[in-house]
Amino acid sequence: SYYSYGRHADSPKAVAAFERLLEIQPNNTAGLNNLSSMLLFGHQHARAESLLVRAVRVGPVSSVHFNNLMRARLAMGQVDSARAAADACVKTFPKNFDCLTVVANLQWALGQFDSVRTTAAVMASRINSPDVRAAYDFGMASLARLSGRLDEAERFDRESSEAARQAGALGTE
């Protein structure tokens, strides 16, 4: 992670470090996920997908593995496999809010905006913190704008900013 962020960021060095980690600990799920993220950013979708399949197989698995697996498969045009990854997240973690986000992101990418609204309605009942509320409202503002409901988008933008302030993500001025 030292080479992934901050002033020392160097993607080739980060990839090399994660590859070295996986030589030492081939089933390190954090390493598998982090390397796959770097590969997704570099448009190496097939290699990222293979690492994520391994991470899910060996565990312990988390919602981020399914999210990145969905993204890799979608980028490769494997819509049914991407949907299977999103569904597996929900099946594995039925109460996990992040899995609903994976589903909604897939629906959004496929242009299934009515489905996004349905998923968002389920998500709304599970929001338990201001930072999650801020992200949710931000997404809902985008969906409202997409549908031409500009007054609703403006309301969601205000609510998102207020929730972000409550979460400590924005200053008060």
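Is Glu152 buried, partly exposed or exposed? In this predicted model, for which local features need pLDDT of at least 70 and side-chain atom pairs pLDDT 80 or more, while totals for chains, interfaces and linings use all residues, Glu152 is partly exposed, with a relative accessible area of 24%. Residues are numbered from 1 along each chain as its sequence is written, and side-chain values rest on heavy atoms, with hydrogens and water left out. Buried denotes under 20% relative accessible area, exposed over 50%, and partly exposed the range in between (1.4 Å probe, protein chains only).

The protein contains nine helices and zero strands, where helices (H or I, at least four residues) and strands (E, at least two) are DSSP runs numbered from the N terminus. The order of elements from the N terminus is accordingly written α-α-α-α-α-α-α-α-α. The C-alpha trace spans about 55 × 40 × 25 Å along its principal axes. Of the 173 residues, 34% count as buried. Contacts are defined by heavy atoms within 4.5 Å; among those between residues at least 6 apart in sequence, 44% join residues at least 24 apart.

The protein carries 19 positive and 17 negative side chains, with the centres of the two sets 7 Å apart. Lys and Arg count here as positive and Asp and Glu as negative, His and the chain ends not being counted, and each charge is placed at NZ of Lys, CZ of Arg, CG of Asp or CD of Glu.

Eleven salt bridges are present in the structure, a salt bridge being a side-chain nitrogen of Lys or Arg within 4 Å of a carboxyl oxygen of Asp or Glu. One of them joins Glu152 to Arg149, with the closest N and O atoms 2.7 Å apart. Arg149 is partly exposed, at a relative accessible area of 31%.

A further salt bridge links Arg83 and Asp80 at 3.6 Å, N to O. These two residues lie three apart in helix α5 (residues 79–92), and are therefore separated by about one helical turn. Arg83 is partly exposed at 29% relative accessibility, whereas Asp80 is exposed at 62%.

In helix α9 (residues 150–167), Arg165 and Glu162 are likewise three residues apart, about one turn of the helix. Their side chains meet in a salt bridge of 3.6 Å, N to O. Arg165 is partly exposed, with a relative accessible area of 35%, and Glu162 is partly exposed at 37%.
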